[in-house]
Amino acid sequence: MDLPHHASRERDYIAMRTLTAVRQYLAAVFFLVIGLVAYGCGDSATVNPSVTITAQPAVAGDSVTINGQATTSSVIPLGAAGTTTPVNIVVSESGTNSRTYTILFVRAGLTGNNSLQDLTVSPGTLAPDFDENVQSYTIDVANNIGSVTVTPTLSDPAATMTVNGQVTNSGQTRTISLSPAGQSTTITIEVTAQNRTKKPYAVSVSRGISNNNSLRSLGISPGSLSPAFSAGRVGYTVNLPSTLPSNIANVTVTPTLQDTTASMAVNGQPTTSGQSRATPLPAPGSNAFINIVVTAQNGSQKTYTVNVIRAALGGNNNLSALTVSPGPLTPAFTAATTSYTVDVASTVTSITVTPTRQDSNATITVTPPGTGSGQARTILLNGAGSNTLINILVTAPNGSQKNYTVNVSRAALGGNNNLSALTVSPGPLTPAFAAATTSYTVDVTSTVTSINVSATKADPNAVMSGSLTAGAGTASAQTSIQLGGPGTTRVVSITVTAPNGSSKTYTITVER
């Protein structure tokens with residue numbers, strides 16, 4: 001059975017068993033129990049284990065001594081590792097007959113096995129192949145390997161070891177970070193035997209130098225690379241329009257390295273992987289080159305080039321469409337025709353004009369400016385019977401201009417102050433209704449107390465007033481007229497005022 005050990009990691013072994021001896025008249029049962037272990041201090045301390053022996057006589061009244069002491073239980077200190085400790089147990093009957101039992105406690109000696117049984121490193125292959133007697137090894141790994149795992153196994157489980165100073169159990173894996181590419185990293189495994197002798201094993205891991213001078217990705221804004229990015233392609237173009245939003249003043253590239261041990265510069269500026277660099281936009285009609293030079297760890301270089309081409313300012317000052325509401329335009333719209341007319345009724349007080357550019361980078365100015373958002377503009381018209389001239393000025397990106405005009409003719413106010421219909425119930429009117437006749441009579445019986453009158457304007461925009469009322473836009477009106485007593489007369493008066501202000505009054509004389 002193993003016992004605990006002190007700071008030097010020594011181990012002690014004790015051979016133990018429970019002995020039972022039975023003999024007529026003189027016998028005892030022995031129980032051997034491991035006791036507490038006393039520790040010393042520091043590396044020079046000595047472990048002093050002990051055992052507790054309990055001996056009971058088989059016959060009541062017999063006496064027991066352990067190593068000369070009258071007792072049935074005793075703690076026996078053991079000797080140093082590699083020694084034997086005898087224990088004598090005497091069982092006596094009435095002081096005459098006695099029998100002596102001897103137990104030998106043999107402590108195993110401390111071993112000196114400070115070798116490894118196995119040693120593996122991943123990734124990589126040890127050179128030479130592992131042998132417990134070979135203490136120095138080398139491993140070559142690729143430049144992109146940042147760490148390796150080391151798994152040492154002890155020959156003697158009672159031995160101890162450290163990996164780069166870290167206490168490590170047999171078969172435990174340790175991860176070791178490597179020095180940068182092009183450098184070596186030494187891994188030390190130190191094995192300490194039970195007898196405190198030590199053996200160091202060393203593994204030198206050489207990390208290769210990288211020749212990777214490629215980019216993983218290349219982003220650009222605004223625009224897009226043509227063709228799409230691939231690490232092996234070094235030449236690209238970016239086509240930008242002549243006009244861009246006012247907040248864009250630069251082209252920004254964002255290159256990312258495949259190998260972070262490489263370095264790079266953008267147009268001569270040292271740049272870290274993933275860092276964005278801005279280059280001023282070329283003027284319209286010109287181009288600019290962006291060069292990204294990637295230098296591998298071994299010094300080899302690769303240059304990626306982006307040609308940023310900005311289109312020249314356009315000269316397109318045409319409209320692609322022009323609509324008015326109400327309309328239509330005369331003649332029908334074409335981009336080459338610049339002069340149009342629109343006829344509207346006298347009642348139309350505004351018109352909406354919607355011009356559309358052929359070149360989205362051109363600008364449009366409408367006068368008078370009107371109201372509204374976007375391209376549509378609502379413009380107030382001059383009075384009835386007059387014209388309103390609308391100018392649409394299109395300015396191309398290069399500054400050239402073209403002016404389109406729309407002449408809106410608003411009809412004069414109408415003078416129609418006639419009724420188109422007039423009825424009474426009960427009736428009829430005398431004479432029969434005619435627009436030019438303004439005076440009518442109706443005779444009703446004494447039993448009729450009211451009549452219904454209905455009138456319709458010839459011009460819906462005229463205004464009806466008097467006994468019947470209807471504003472502009474309302475074509476007709478009707479009402480009930482209460483009559484006086486029998487033998488009385490009631491006059492119904494309807495005045496029609498034309499849009500131009502002229503008026504006509506129709507009268508109906510009702511006799512009851």
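**Contacts, strands and local geometry**

Reader: Among contacts in the protein chain between residues at least 6 apart in sequence, what percentage join residues at least 24 apart?
Author: Contact means that heavy atoms lie within 4.5 Å. Of the contacts between residues at least 6 apart in sequence, the share joining residues at least 24 apart is 59%.

Reader: How many helices and how many strands does the protein chain have?
Author: This is a predicted model, in which local features need pLDDT of at least 70 and side-chain atom pairs count only at pLDDT 80 or more, while totals for chains, interfaces and linings use all residues. Residues are numbered from 1 along each chain as its sequence is written, and side-chain values use heavy atoms, with hydrogens and water left out. Helices (H or I, at least four residues) and strands (E, at least two) are DSSP runs, numbered from the N terminus. By that rule the protein chain has zero helices and 38 strands.

Reader: What percentage of the residues of the protein chain count as buried?
Author: Buried means under 20% relative accessible area, exposed means over 50%, and partly exposed lies in between (1.4 Å probe, protein chains only). Of the 512 residues in the protein chain, the buried share is 34%.

Reader: Is Thr 185 buried or exposed?
Author: Thr 185 belongs to strand β15, residues 184-192. Residues up to four places away in sequence aside, Thr 185 touches Ile 176, Ser 177, Leu 178, Ser 179, Val 203, Ser 204 and Val 205. Because its relative accessibility is 10%, Thr 185 counts as buried.

Reader: The side chain of Thr 185 has a polar atom 2.8 Å from the backbone nitrogen of which residue?
Author: Ser 179 is among the residues that Thr 185 touches. The polar atom in the side chain of Thr 185 lies 2.8 Å from the backbone nitrogen of Ser 179.

Reader: Which residue in β14 is the bridge partner of Val 150?
Author: Strand β11 spans residues 147-154 and pairs with β14 in the antiparallel sense over four bridges. Within β14, the residue that partners Val 150 is Arg 174.

Reader: With the side chain of which residue does the side chain of Thr 173 make a polar contact?
Author: Thr 173 is in the loop between β13 and β14, and with a relative accessible area of 43% it is partly exposed. Thr 173 touches Thr 149, Val 150 and Thr 151, not counting residues up to four places away in sequence. A polar contact is a pair of N or O atoms within 3.5 Å; within protein, one must be able to donate a hydrogen and the other to accept it, and residues adjacent in sequence count only if both atoms are side-chain atoms. At 2.8 Å, the side-chain partner of Thr 173 is Thr 151.

Reader: How many residues apart in sequence are the parts tied together by the pair of Phe 333 and Tyr 404?
Author: Rings of Phe, Tyr and Trp (its six-membered ring) pair if their centres lie within 6.5 Å; planes under 30 degrees apart count as stacked, over 60 as edge-to-face and the rest as tilted. The count comes to eight aromatic pairs, and one of them is the tilted pair of Phe 333 and Tyr 404, at 6.3 Å centre to centre and 40° between the planes. Phe 333 lies in the loop between β25 (319-325) and β26 (339-344), and Tyr 404 in strand β31 (residues 401-410), so the pair ties together parts whose separation in sequence is 71 residues.

Reader: What is the phi of Arg 196?
Author: Most residues other than glycine have a negative phi. Asn 164, in the loop between β12 (160-163) and β13 (166-167), has a positive phi near 50°. Arg 196 is in the loop between β15 and β16 (198-207), and its phi is also positive, near 75°.

How values were computed: Pairing = 2+ DSSP bridges.
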